[in-house]
Amino acid sequence: MNKSVSQTTLFVNDIPVTVKRKRIKNLYLRVRGSSGEVEVSAPSRCSLDELERWLFDRQDWLIKQRERAALQPVLPEYKFVSGEQHKCWGENCTLNVVVKKRGTSVERFHNQLTLTSLPHYNDIQRKQVLNRWYRQQISQEVETLLEVWQPRMGAYSSGFGIKAMKTRWGSCNIRSKKIWLNLELVKKPPQCLEYVVVHELVHLFERYHNARFYALMDRFLPDWRERKKLTNQLI
Ligand SMILES: [Zn+2]
């Protein structure tokens, strides 16, 4: 059942996979690290049905790879100057840098972020000012979410921390009951942070990602799958 097309696109769990026909014997799958694009090289004799089945067996791996790519997005090289677009809770905000002799701050008004910088500040120092603000934003939001979700679920953490993490959106230390959240979540729509908070709280009941874990997720946050997809969408 040879197809004459040399390049086509298949969907595995909503992930587009570019199929390239080549004069090879085996199938090769790869995910481009920077963009998360998935490409499979296939021998021309391999039917689309066979290919779909082969990819279906590898969907968990694919999802994991996409997640990694989403955690390491290709960020524009920011210079932290007026006019740049910065993400906040899933929205694009225009940066407006104001230089003053004393005091640093960030204020958001609609989709405008006003960063007050000292005269001698370079891009790294301006970035620190913005990151401090991002950290405050996410901390406030997490506090609110915990106030709502802990009593609702009957699961109580001992506290939380925010940090930059390379490979995950959050984590939960089962022993100390402390949860950690990725600072990058401040750039995603708010429902992503809520999903990760609930996910980490569920770990207080169930350590592993097993059937029991997902049953609890379904119970507490029935639309968690959509939220997960949204969280892992490349920005
Ligand atoms: Zn987990």
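Analyst: A nonpolar core is a set of buried Ala, Val, Leu, Ile, Met, Phe, Trp, Tyr and Cys residues joined through side-chain atoms within 4.5 Å. Buried means under 20% relative accessible area, exposed over 50%, and partly exposed in between, with a 1.4 Å probe and protein chains only. The model is predicted: local features need pLDDT of at least 70, side-chain atom pairs count only at pLDDT 80 or more, and totals for chains, interfaces and linings use all residues. Residues are numbered from 1 along each chain as its sequence is written, and side-chain values use heavy atoms, with hydrogens and water left out.

User: Which residues of the largest nonpolar core touch the most other members?

Analyst: Ile 138 and Leu 193 do, in a core of 46 residues. Elements giving two or more residues to this core include α2 (59–71), β6 (91–99) and α4 (190–202); helices (H or I, at least four residues) and strands (E, at least two) are DSSP runs numbered from the N terminus. The largest share, 10 residues, comes from α3.

User: What is Leu 193 in contact with?

Analyst: Contact means heavy atoms within 4.5 Å. Beyond four places in sequence, the partners of Leu 193 include Trp 89, Ile 138 and Leu 181.

User: Why does Ser 117 count as buried?

Analyst: Ser 117 counts as buried because its relative accessibility is 0%. Its place is in strand β8 (residues 112–117).

User: Which protein donors does the zinc ion have?

Analyst: Donors are N, O and S atoms within 2.8 Å of the metal (3.2 Å for Na, K and Ca); water is not among the atoms, so sites may look incomplete. Here they are His 199 (NE2), His 203 (NE2) and His 209 (NE2), lying 2.1 Å from the zinc ion.
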